[in-house]
Amino acid sequence: MEINIREWTENDVGAAALIERACFADPWTMEAIRQSLATPHFYGVILEADGEIVGYACGSSLFEDSELMRIAVLPKCRGLGYGRLLLEKFIEGAK
């Protein structure tokens, strides 16, 4: 399986919204996701497995402070260490 973790882009909003609905009882809407992405201090990473977006982590990063707001992995992909990989990449990138 090929795993790719990269920074979040505007093109990822739809996939993130699908993951939100699959993972949370009170999911963020596409508009809320777009608004978060548009904030100057937003930082997010996307995890692709074999070309399919299956997880993400996002938050804010400003100077020496960072905050993880959300981390999610599709239910079918849990237990594979993707959450840990996302968290590590988020921390690394937010530094």
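User: What do buried and exposed mean here?

Analyst: Buried means under 20% relative accessible area, exposed over 50%, and partly exposed in between, with a 1.4 Å probe and protein chains only. Mind that this is a predicted model: local features need pLDDT of at least 70, side-chain atom pairs count only at pLDDT 80 or more, and totals for chains, interfaces and linings use all residues. Residues are numbered from 1 along each chain as its sequence is written, and side-chain values use heavy atoms, leaving out hydrogens and water.

User: Why does serine 36 count as buried?

Analyst: Its relative accessibility is 18%, and the cut-off is under 20%, so serine 36 counts as buried. Setting aside residues up to four places away in sequence, serine 36 touches Trp28 and Phe42 (contact is heavy atoms within 4.5 Å).

User: What puts the buried residues of α1 on the same side?

Analyst: In α1 (residues 13–23), the buried ones are Val13, Ala16, Ala17, Ile19 and Glu20. They cover an arc of only 165° around the axis, so they sit on the same side of α1; the arc is taken from the directions from the helix axis to the C-beta atoms. Leu18 and Arg21, on the other side of α1, are exposed.

User: Why is α1 called oblique to α2?

Analyst: The axes cross at roughly 125° and come within 9 Å. Under 35 degrees is roughly parallel, over 145 roughly antiparallel, 65 to 115 roughly perpendicular, and the rest oblique, so α1 is oblique to α2.

Note on methods
Helix = DSSP H or I, 4+ residues; strand = E, 2+ residues; numbered from the N terminus. Axes fitted to C-alpha atoms, helices over the stretch in contact; angles between N-to-C directions.
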